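Trainee: I have a structure open and would like to learn how to read it feature by feature. Could you walk me through it?
Mentor: Gladly. Let us look at it together.

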Amino acid sequence: MEYLLILLIVLAMIILFVINFLSMKPDENNKEWNTYTQSIYYKKLFFLRKSELKFLKTISVLEKEYNVVPKLNLKTIIKASNKKYKKNLNITVDYAIFNKDYSDILLLIELTDVVSEPNNQEKVDKIQKICDEVGIKFITFYSDKIDQESIISQIEEVIKIYMN
């Protein structure tokens, strides 16, 4: 009888482990998933966070006149004159706005999500410094303050200043 009870407990633990394992989803913060699958890489479930997607939909009206590109790495549009500074360009900015033929970068935008990125200021400061040096306009918006009219007017105002 005692052995049967121990066997049932062990069986219950195995079942709970299997259920837990099967319910796991890959995500970049879940180190256990990579351990179980022995995989080095895996496809992210979502390209953009919910707040980033909402913001992209908000600014999509700009695509009549401009091209909006999400998740652009600075090293794709800026070059460092010295190898020592190349690592500073390994930063992804949330959105870039180009003219229609992609010949000119008009504006870079960083969306600060207060919840998921509480320490984003260092990244913003680094992007601002680089943009100031190369003459690219850069602005930041907060994800909890998404008002389409205000955002569009601010972006258009910055682009007009850049174009003049």
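Trainee: Where is Glu110 found?
Mentor: This is a predicted model, and in it Glu110 sits in strand 3, which covers residues 105-112.

Trainee: Is Glu110 buried or exposed?
Mentor: Relative accessibility is the number to look at. Under 20% counts as buried, and Glu110 has 0%, so Glu110 is buried.

Trainee: Which residues is Glu110 in contact with, leaving aside its neighbours within four places in sequence?
Mentor: The list includes Thr92, Val93 and Asp94. Also among the contacts of Glu110 are Asn120, Lys123, Val124 and Ile127, as well as Phe138, Ile139, Thr140 and Phe141.

Trainee: Asp94 is on that list. What is the place of Asp94, and is Asp94 buried or exposed?
Mentor: Asp94 belongs to strand 2, residues 92-98. Its relative accessible area is 3%, so Asp94 is buried. Setting aside residues up to four places away in sequence, Asp94 touches Glu52, Val69, Pro70, Lys71, Ile109, Glu110 and Leu111.

Trainee: Which value does phi of Tyr102 have, and where is Tyr102 found?
Mentor: Phi of Tyr102 is near 60°, again a positive value in a residue other than glycine. Tyr102 is in the loop between strand 2 and strand 3. Tyr102 is partly exposed, with a relative accessible area of 47%.

Trainee: Why is the pair of Phe55 and Phe141 called tilted?
Mentor: Planes under 30 degrees apart would be stacked and over 60 edge-to-face, with the rest tilted. The planes of Phe55 and Phe141 stand at 40°, with the ring centres 5.5 Å apart, so this pair is tilted. The pair links distant parts of the chain, since Phe55 is in helix 3 and Phe141 in strand 4 (residues 138-142), 86 residues apart. Phe55 and Phe141 are both buried.

Trainee: And how does the pair of Phe98 and Tyr102 read?
Mentor: Phe98 and Tyr102 also make a tilted pair, at 5.4 Å centre to centre and 55° between the planes. Phe98 is buried, with a relative accessible area of 9%, whereas Tyr102 is partly exposed.

Trainee: Which residues form one aromatic cluster?
Mentor: Phe55, Tyr95 and Phe141 do.

Trainee: Now the helices. How do I describe the way two of them pack?
Mentor: Packed helices are described by the angle between their axes and the distance between the axes. Helix 3 (residues 50-59) and helix 5 (residues 148-163) pack at about 70°, with axes 9 Å apart. Helix 3 and helix 5 are therefore roughly perpendicular to each other. The crossing of helix 3 past helix 5 is right-handed.

Trainee: Which residues make the contact between helix 3 and helix 5?
Mentor: Helix 3 brings Phe55, Thr58 and Ile59, while helix 5 brings Gln148, Ile151, Ile152 and Ile155. By class, this contact of helix 3 with helix 5 has five nonpolar residues, two polar ones and no charged ones.

Trainee: Which residues is Lys126 in contact with, leaving aside its neighbours within four places in sequence?
Mentor: Those are Asn88 and Ile91. Lys126 lies in helix 4, residues 121-134, and is partly exposed, with a relative accessible area of 36%. The C-alpha atoms of Lys126 and Ile91 are 9.0 Å from each other, and the two residues are 35 residues apart along the chain.

Trainee: To finish, how many helices and strands are in the protein chain?
Mentor: There are five helices and four strands, running α-α-α-β-β-β-α-β-α from the N terminus on. The protein chain has 164 residues, and 34% of them count as buried. Among contacts between residues at least 6 apart in sequence, 58% join residues at least 24 apart.

Definitions and conventions. Residues are numbered from 1 along each chain as its sequence is written. This is a predicted model: local features need pLDDT of at least 70, side-chain atom pairs count only at pLDDT 80 or more; totals for chains, interfaces and linings use all residues. Side-chain values use heavy atoms; hydrogens and water are left out. Axes are lines fitted to C-alpha atoms, for helices over the stretch in contact, and angles run from 0 to 180 degrees between N-to-C directions. Helices (H or I, at least four residues) and strands (E, at least two) are DSSP runs, numbered from the N terminus. Angles under 35 degrees count as roughly parallel, over 145 as roughly antiparallel, 65 to 115 as roughly perpendicular and the rest as oblique. A crossing is left-handed if the near helix is turned anticlockwise from the far one by less than a right angle, and right-handed if clockwise. Contact means heavy atoms within 4.5 Å. Ala, Val, Leu, Ile, Met, Phe, Trp, Tyr, Cys and Pro count as nonpolar, Asp, Glu, Lys and Arg as charged, and the others, Gly among them, as polar. Rings of Phe, Tyr and Trp (its six-membered ring) pair if their centres lie within 6.5 Å; planes under 30 degrees apart count as stacked, over 60 as edge-to-face and the rest as tilted. Buried means under 20% relative accessible area, exposed over 50%, partly exposed in between (1.4 Å probe, protein chains only).
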